[in-house]
Protein chains: 4
Amino acid sequence: MPVLRQVRERFAAQRPLEGLRIAACLHVTAETAALMRALLAGGAQVGLCAANPLSTRDDVAAALAEVEGAAVFARRGEAPEEALDELVAWRPQLTLDDGADLIVALHEADALEDYLGGLEETTTGLVRLRALAAAGALHRPVLAVNEARSERVFNDRYGTGQSALDGIVRATNMLLAGRTLVVLGYGPTGQGVAQRARGAGAVVVVCEIDPVRALEARMEGYEVMPALAAAERGDVFVTVTGVRDVLRAEHFQVMKDGAVLANAGHFDVEISLGELRALAIEPPVELIPLVEEYRLEDGRRLHLLTGGRVVNLAAGEGHPAEVMDISFAGQALAAEYLAGDGAALPAGVQPVPDGLDVEVARLKLEALGVRLDALSADQQAYREGWTPPVAAPSPAPGSAP
Amino acid sequence: MPVLRQVRERFAAQRPLEGLRIAACLHVTAETAALMRALLAGGAQVGLCAANPLSTRDDVAAALAEVEGAAVFARRGEAPEEALDELVAWRPQLTLDDGADLIVALHEADALEDYLGGLEETTTGLVRLRALAAAGALHRPVLAVNEARSERVFNDRYGTGQSALDGIVRATNMLLAGRTLVVLGYGPTGQGVAQRARGAGAVVVVCEIDPVRALEARMEGYEVMPALAAAERGDVFVTVTGVRDVLRAEHFQVMKDGAVLANAGHFDVEISLGELRALAIEPPVELIPLVEEYRLEDGRRLHLLTGGRVVNLAAGEGHPAEVMDISFAGQALAAEYLAGDGAALPAGVQPVPDGLDVEVARLKLEALGVRLDALSADQQAYREGWTPPVAAPSPAPGSAP
Amino acid sequence: MPVLRQVRERFAAQRPLEGLRIAACLHVTAETAALMRALLAGGAQVGLCAANPLSTRDDVAAALAEVEGAAVFARRGEAPEEALDELVAWRPQLTLDDGADLIVALHEADALEDYLGGLEETTTGLVRLRALAAAGALHRPVLAVNEARSERVFNDRYGTGQSALDGIVRATNMLLAGRTLVVLGYGPTGQGVAQRARGAGAVVVVCEIDPVRALEARMEGYEVMPALAAAERGDVFVTVTGVRDVLRAEHFQVMKDGAVLANAGHFDVEISLGELRALAIEPPVELIPLVEEYRLEDGRRLHLLTGGRVVNLAAGEGHPAEVMDISFAGQALAAEYLAGDGAALPAGVQPVPDGLDVEVARLKLEALGVRLDALSADQQAYREGWTPPVAAPSPAPGSAP
Amino acid sequence: MPVLRQVRERFAAQRPLEGLRIAACLHVTAETAALMRALLAGGAQVGLCAANPLSTRDDVAAALAEVEGAAVFARRGEAPEEALDELVAWRPQLTLDDGADLIVALHEADALEDYLGGLEETTTGLVRLRALAAAGALHRPVLAVNEARSERVFNDRYGTGQSALDGIVRATNMLLAGRTLVVLGYGPTGQGVAQRARGAGAVVVVCEIDPVRALEARMEGYEVMPALAAAERGDVFVTVTGVRDVLRAEHFQVMKDGAVLANAGHFDVEISLGELRALAIEPPVELIPLVEEYRLEDGRRLHLLTGGRVVNLAAGEGHPAEVMDISFAGQALAAEYLAGDGAALPAGVQPVPDGLDVEVARLKLEALGVRLDALSADQQAYREGWTPPVAAPSPAPGSAP
């Protein structure tokens, strides 16, 4: 993780987080540990509980606690609520969240006295926080780290775009070329999935409810249609909407025999498991690991991947380390910002400042060996000036010259 | 122009611009006339001068004046300053600009008494207006119509992406496949040019100064490098930066014999004509129409297209009518908005409200015959709710489950 | 035409065609003249008539006759049969054909005494010649120059792929992005059209009767379907089949209002003009040059481009000069071959030897500045050896190792 | 395997292989067993040994022997030579080979009396057989089943194109987007790897020694350069040449720190392991399974995947079952052909007849639910006729009309 490492080295030298209590409710993994170490290097005290106890690596948790001195409230398989309570009681000043659980818990416990604000790294968490804010019940600034431009570029479009398809191929060993793949949702992640699926030779169909995004999908050369029409066409379905029940009984009823159902959205609600189970004439059979077969009355079989949970993480190995590197370097910089100027932000979900993004991208390009130009002083002045250039005006748009 | 036509029909029924004096400083073309007619249908009085007198179609100007009753201050080839003065004296309440000339003139003339605000449709104009605003000298809201999402999707990326390459191919009759094409600037237009050039079989190299955009270009599989390195590699160069002197003597000195230079940015300043002329050992020779050959001391020849003016308009026929349709429908809706709720916006450059974009995209998809789903009430509630779904949490990112 | 120029320079030095009577029935254009000059440089006597009198450039014809001493039987607009007779009477030893007219005429006139064989540059011509051969009526070898690998790569796929779409865009000024483009025929040219259309953002549908080609199209991610199903879907139709009546009444009857019909195949028979005229309720109206509107009984309008003649040539400027360069350099080399070793080939349509192709591609890569490796002697020996390498065998295909 | 199943069902009904002794030297896997069952269903006696004992699945071998009555000479891990001898002694009449071992053994043992001919499924095997034929030492026809059009379309380009990259991603968990991937060899497999790598966002560089293929790569928009120049550029290298020592000391010496080396060719000779080991300052370290790190004197590290053995099979799960389905269905049809008309073919490597290919593709399209048109009698007659159509000739290529 070369980008995060560069940040950590600067933190160690500058100690921008000196004495700050930072609590994180994240997946307890090796990558998270690297982020914690960067925060510790910056002078912070660090508390940690598990966003999902099933993913906790106890060795990582132990090492963080014992070697690094973090306060760790995570044990694999343990119920998360208790750990969350303990972490709230620890009185964090800054929080890092994966789903907004910790921020919500702090608000519910009314434990905001020392609290400066937080970072949230999932779309789902932001939906919750914006709803909270709309209800007048969010009292601190929260930086939407996963809406940062560099995140959208790197994590959503490219990271998940690749890893969702990797997950599907690993689970099924299918050839994507020649298959019809239906992407439901054309946000950054859906764009990535669509682009990679086409790049692998699939016929790609997009379902999207937002007209501007739908128009963009169409301009990229994808077919765009309602989900019901797509249901008859697809060999593989990938949901990435952030919305529940995107695929449901009416769609299952018209799908082809052997259709593959995968979810690449955060929660396992995008494919309606309830309606799928209700339609099936018998309990699902695990064909091969991660692939369950649902048999319908008319003999058709639908193949659900990874129980409807996010397919890139469950079937693959999650994001490549370099995607996590970018993400967590961005979070470290965002924590630094929130500990400084960002503390003055108004309550509510706030964008990550452009400068942080640019810094992350700059560090990453350096790691890739890509060099950039800079504007000259004259060019900078031109760009900022509002006097028109002394130059012939352009001819008319839309007319023959 | 089916989208604008739908807008005009609604305007005729609802008369949302009744009695308003709307002045436009645009290219006086058939498409502009269609926009003027939509505004007139909405009840407005309309005044018009030419953003570029060279592009004025006198027949269109005459018809607008005589048949439609517009106040037209435009005659092909006439100096624009005088017409601008007359239009200022006409005391417009709303303005439509292509380069900010009219807004600036109103401010300079201190003729803001009745003035509600304006629309600006070029990046270059917005740069001027933002500089004005930064200097505390912009006193009304200006809607950045070309930064609307639908514009970015439709006009910049897809419209100019296609038409810039069309212009180059028409001017040179070259096969793009196998050529190295260097795109300088990776904003929406540069993205479109890069995508279409790759789609035509070119090897594409991107030069960009913004690290996030540069990283995105790299993630799309383009090579990214400084302009000086690219100068040695390219067969064709396309500038789309909004900045001056992007290609200059240092670049010309290392280009290949026969390199083609094209500008797809708004003003003809992106390729430094001064430095090109200074390097050449003799005046340029027009090889074929729109292609000038500059001969350098060492015998190399550089081929400048359309005198450095925007190549898609000069060599091609400008944007396809459907792109203008989207653009001008958006402007009509933006004018309606500014005449209503938008008048209360604070002074400064303001984004077009999302709703307008969505409406434009919706009308366009209808014209393309593409249907969309809508969220159910349950899905809408889920999306807006902040209580977590009752569902298994996702496994850890970045870790094997 | 740098590739042909290199060939001509070698011919001038080596005179491989000394004294040979070579007759060509081609389009009389500047590019053809360059080919003729290369043959003359090689020592040949050259006779020329026009494959299509409408395309004859009299100035070119005159210059070839007067300056170069060719025997030219071509005048713009003149009936071709007479010229053909004169050329037959000239007793050519070698022929160059564009549609097989000259070879057929020589056979019909039984004027084969001195005749060594010919070159044919169109698929249509080869179809005729193979039918002739199958009937036992072709008595000399004919090299299928347009089936050479380099031709397929350069001319069909890349040249026509680009120029057919250029032609459509120039005729209609349409934005390809977002349109559904139906390609009928997925040979090399159809592949090029499909690839470029996708590269321009179109949704591409392929119709093909050969199962292997159809499967390939599907593996490339195109939808494949029968023409009747595609007829309902397309905004633009491009025929490239070599077969007649590919689009006919049954298809016209289900097309969308405003559908655009273009042919990129050699002859104007792929779109059934007879059935189109019969369906229309009135004679077609020329909307804009090259675009005829046919109005059907139910009000739908179909737009035929360039009267059904090959759209890349009629609406655009034909192939880029560099494509002609490759083609004609290949023909010059093929003529040299036929004058030498090739004369011993059996009667019938024969492939161009691989070596000629390789030489053409080599010269072209040199012009593009692309360098290649060569095999070392060891590698060459390995490649040619049949003793198995001393190396671990590979694991099993289709099984986990 | 729906395509092979359809073939097997017909074989069971028609018994085209009645009594024939067919011997196969293939990887002993579940897919191979399915092929054997199809041959048995056709009436053949079947003998089997292992092309690679490491890949033998003993359960599959046992089931074939016990249940199906095949003569199986394969046990996991056993030396192959002995089994080969036994199979030769079994006097096969037809052979199926993966590397030509069995055919060569039959020739060396002079056991050709009853032998009709064979099938060979690897490029490497064909190289051996053609060398044998050139030496006048191949005495029976051998069908080049992997050169069949459907194989090239399905197996090489699409199957290996996807699975080679899958293998690399699984071994390294790397994000392909933004990486520079060098493909050495631009045959069908190299084309597939390049296409999929670009589709995954990589910057793709091609090295190729054949000028026509190199030109095609360039026309597809890839950079083409000698291996030594590419060595400095690449993050990932994939060899698919069929030649030895394509990457060797001179290349290793200029590669970037962290460069990844993968072979997708048949044998593990394309990356020179000897030169790599000689350059390294210590024995390689297994970083993670399938990834060995070689440390060079200047501190750079090179990462060799799967010990230089074919990466798609070793790191991934080999070809998707549907690719094997196509391949083995094609082999079953080829065996039927060789048992019938094909037995009369002259000695030497022979192409698979077009009809077999078409049949395979037809069955596969049926499985995909894709329907095709057929030519009408009129169209068929037109296509075969050599009289010119009564239609306006086309305008001139390369000239303005």
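This report describes helix packing and sheet order in a predicted model.

**Sheets**

In chain C, seven strands form an open sheet with parallel pairing, in the order β3-β2-β1-β4-β5-β6-β15. Its edge strands, β3 (71–73) and β15 (348–350) of chain C, each pair on one side only. From one strand to the next the twist averages 20°.

Chain B has an open sheet of eight strands with mixed pairing, ordered β9-β8-β7-β10-β11-β14-β13-β12. Here the edges are β9 (223–224) and β12 (285–288) of chain B, and each of these pairs on one side only. In general, the strands of a sheet pair through backbone hydrogen bonds, either parallel or antiparallel.

| Strand | Partner strand | Sense and bridges | A bridge pair |
|---|---|---|---|
| β4(C), residues 94–97 | β5(C), residues 117–120 | parallel, four bridges | Asp97(C) with Glu120(C) in β5(C) |
| β7(B), residues 180–184 | β10(B), residues 236–239 | parallel, four bridges | Leu181(B) with Val236(B) in β10(B) |

**Helices on the chain C strands**

Helix α4 (residues 80–89) of chain C lies across β1 (21–26), β2 (45–50) and β3 of that chain, and runs at about 160° to β2(C). Helix α5 (residues 101–108) of chain C lies across β1, β4, β5 and β6 (141–144) of chain C, at about 135° to β4(C).

**A buried helix face in chain D**

Helix α3 of chain D spans residues 58–66, and Val60(D), Ala61(D) and Leu64(D) in this helix are buried. Seen down the axis of α3(D), the buried residues fall within an arc of 100°, so they line one face of the helix. An α-helix has 3.6 residues a turn, so residues three or four places apart point the same way. The elements against which the buried residues of α3(D) pack are α2 (30–41), β2 (45–50) and β3 (71–73) of chain D.

**Two helices in chain A**

Helix α1 (residues 2–14) and helix α14 (residues 321–339) of chain A have axes that come within 7 Å and cross at roughly 25°. Because of this angle, α1(A) is roughly parallel to α14(A). On the α1(A) side, the residues in contact are Pro2(A), Val3(A), Leu4(A), Val7(A), Arg10(A), Phe11(A) and Gln14(A). On the α14(A) side they are Asp325(A), Phe328(A), Ala329(A), Ala332(A), Leu333(A) and Glu336(A). By class, this contact between α1(A) and α14(A) has nine nonpolar, one polar and three charged residues.

Methods:
Residues numbered from 1 in each chain as written. Chains lettered and ligands numbered in written order. Predicted model: local features only at pLDDT ≥ 70, side-chain atom pairs only at ≥ 80, totals over all residues. Heavy atoms only, no water. Axes fitted to C-alpha atoms, helices over the stretch in contact; angles between N-to-C directions. Parallel < 35°, antiparallel > 145°, perpendicular 65-115°, else oblique. Contact = heavy atoms within 4.5 Å. Nonpolar A, V, L, I, M, F, W, Y, C, P; charged D, E, K, R; others polar. Pairing = 2+ DSSP bridges. Buried < 20%, exposed > 50% of the residue type's maximum accessible area, 1.4 Å probe, protein only. Arc of directions from axis to C-beta.
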